[in-house]
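Let's take a friendly walk through some ring contacts and a strand arrangement. Please keep the sequence and the model open as you read.

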Amino acid sequence: MKLAEHPHDLRLPAWGPYTKRYVGISHIPDVRRGLRFDLSVFPGFYRRRVDVPSVLWESGYHPWEAAPDLNYFCHRHELEWKDRVYCDISFSEIDADARLIRCECVNATERPQSLVLHYVASMHFPSLRPNSPEPIRPYEVELPSSAVWIDALDYVELSHTHPRPTDNLMPDGLYRGEVRDHGFVQGSGLGRGFGRDAGDTVIYKVTIQRAMPKATLLFRYRLAPGEIARFIAEGLIQGEVAFAGGEGFQTLTLSVGDLSPGEHTLRLVSMGGAGIELDGFAVVPAGDLQAVRFRPVVWHPYPELSPGPIPNSLILRYPDVDRVYGLAWGFDRFQVREFYSDELDRLMRYTVHNHVSTVFHGPGEGHFTDVFLRPIPLAPHSRRVVHGLVCVGDPDEVRRRLAEFERDPGEYEAIYQAARGRVVDLTSNPEGHKYRFSQQRMAATLLTNVVYPVYIRRSYIRHYTPGRWWDSLYTWDSGFIGIGLAELDLDRAIDCLNAYVTEPGDPHAAFIHHGSPVPVQIYLFLELWNRTQSEELLRYFYPRLRQYHEFLCGNLGSSTTRRLRSNLIKTWDYFYNSGGWDDYPPQVYVHEHGLEPFVTPVVNTAHCIRTAKILRMAAEALGLSQDVREYEDEIAMFTEALQTYAWDEASGYFGYVRHDEDGHPIGILRHESSQNFNMGLDGAYPLVAGICTEAQEARLLSYLTSDRHLWTPIGITAVDQSAPYYQVDGYWNGTVWMSHQWFFWKTMLDMGRLDIAARIARTALELWQREVEASYHCFEHFVVESGRGAGWHQFGGLSAPVLSWFGAYHRPGRLTVGFDVWVAHLEMDEGHRALTATLWLYGRPGRGLSVLAVMNPSAAYQVTWEDAPVPFQQISPGVLAITLPTARGEGTLRIRPRGG
């Protein structure tokens, strides 16, 4: 199993759709530095209108096609809706340093059209914070050869007198104590209140290569004016050290004396008072002290432009990049223009009628080079293809490539067709054909929603994002992105999972955390195992996911999730959102009334039970009997807690549980109407955990399927429609999302309720089909009142389960199981006519457990379990819904053509 060189990066090319500004193609000159070259290619109407394709709002383009490795992708730019005048702009791999640009302009109207194309090039720099266009302004340190610099984050130990919940779960992939801001060397330092409490301690190891006479310590730090931070130092220096505050960054010089070669220690123990932000320190001979300098890193967005070797070409040299970029285009009427501005959204539109100037000035610092092709005539009902080239390399290599651009267009079409041939294959059975258009749009959206740079662990990575509006890590969304990617390309799904796990024993974070702490990564792992049966994957991910799970269960490091005497789990110390449902009524109430220390939701405990069950299966596969026993103890403990304290017989839902100041449970959280405040999906989540009694199951299933409660014409909504706190205009309250429906759909398979599972999947697929065909958008959620999509319009993330449902019911070669099945072995023949699977079953004794198999639709089938015939339902030709005769134990499932 080959993973990315950086443990959280993606195995994707340097060229890709990584922009955070205007859609097109990007190039990463050095993944470690966070710089990104963008080339946005987009159309317009000549001397009429330009629609700058911002990725931050609806701007007229749609992800259209993509290969999983992103060596081909295409966007459709609509100029006149719907598909009357448009341009399909694609980027195809030529080799590692060059991409073919292909713009297919289409006029489907009765009148001639005059179009334009813009090739807009720009250089972008790492931002200070996610979702901010402001570049970070770090410093760099210049040292004489005799000196050593120790960054403040290069500690070997950091401890706080008063432990913090985040000590072992720092958000956003940060180091413990890390602060990001302008002015720090490399943009980061040690802060977050470090030193405020007496006893806060940091320890460094310093290696000196050769003897250093009259050594000096030079600290660089930041502290507010008038403040003094006092520490007791041990090791390199001894005694009290006082850091005095001032404006901006300060330095403090202390004499060390003669140092011998080898490893030395510096220990700083706070005396309490002021919190300091340490940037780092240099160890330097006193005679070389003046040679230590701190300089700001100055970004240079302004390129040097020079003509290429042919008329239709241009070379761009950016000062911060070692190599140069080249552009070429296959159209003879053009103009090269420059926009000095930090945005084009208003400036380019405002100047669309300026046909004289070639240099434009707008607000802010930034630069965009615009190769303006115009006009491009199109007769009625015609199309025209314009080829282009973007490349990177040393100047001679780029000039050579550009000089060779004027080749036969047929050669470029061959490159395009070969690259396009790698588009993800969504072949389906005949019943799935009607869904393929909407599924292709989701596949393209999911695969191309990748941004760079995203800061993590003192470096930068490419990252799958739920939508480009969210330029950051997102834990639970990314779990669902991975579940969707598993339907398209297993390597992409593995990368997505690997981005969110950390090494066993990692001191900074048990997993990579941002947002709602819903452990979807563990469910993603189960999906990957059941597809691959890869022991290498199992051995790699198991210890990392065990660490993830144990932290959420309150068993690891600084976790505060299980501090109440009920043993119920709450994650409020890490994020306001327990289950991803922002405006879920009892959650909102808890925060409005400051009840976080005393109130537990249901969903977090339920997930701890289910992830313990998943990891128990993995531990059994690895022969880890002690781990198995520990998971069984957790399952029993959490089950007892939910059943004892959270079940509300009056409402038929599990409830949020209130606790007193000593942590003892004292009752269900109720609405002012006296009704259970948790009439909704959170209150039904013990179904997913698999711990309900038969009576509880019956009541909760009746709510899930009743149009008076949770079921709507477009699927399952988050809040019971009969509840007094149900709304029609909420974000989750009054809407339908795909994500939590996926958990309940899988649960229906475990419960043998194939009818409810099919209803959930079919309703979602039809809803998705209607909306995507109408708008070409892949929305976040759907409004119950109207049935229309809403929220972000190019959303992968939590909408990705539509790919799972399409695969489970319409893609031959799929075996789909619930959470209570471990697929120990799986064989499917190439023609999808024969399946053999060894299954470990962990369901409830005494009832059936169901699986789905999609076979070649051209045959009729027979099914056996342990060589005994099993009745099954054929949902459609080749789609078999099978209820096994047992829910526990191990057995072999065989599907063969009837009579074969």
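Phe91 is buried, with a relative accessible area of 1%; buried means under 20%, exposed over 50% and partly exposed in between, for a 1.4 Å probe and protein chains only. Phe73 is buried as well, at 1% relative accessibility.

This is a predicted model, where local features need pLDDT of at least 70 and side-chain atom pairs count only at pLDDT 80 or more, while totals for chains, interfaces and linings use all residues. Residues are numbered from 1 along each chain as its sequence is written, and side-chain values use heavy atoms, without hydrogens and water.

The structure holds 56 aromatic pairs. Rings of Phe, Tyr and Trp (its six-membered ring) pair if their centres lie within 6.5 Å; planes under 30 degrees apart are stacked, over 60 edge-to-face and the rest tilted. Here are two of the pairs:

| Pair | Centres | Planes | Class |
|---|---|---|---|
| Phe73 and Phe91 | 5.3 Å | 35 degrees | tilted |
| Tyr523 and Phe819 | 5.1 Å | 65 degrees | edge-to-face |

Phe73 in strand S6 and Phe91 in strand S7 are 18 residues apart. Tyr523, in helix H7, and Phe819, in the loop between strands S42 and S43, are 296 residues apart, and both are buried. Helices (H or I, at least four residues) and strands (E, at least two) are DSSP runs, numbered from the N terminus.

Now to the strands. An open sheet of three strands runs in the order S32-S35-S36, with antiparallel pairing; two strands pair if DSSP finds at least two bridges between them. Three bridges join S35 to S36, and His659 has Pro665 in S36 as its bridge partner.
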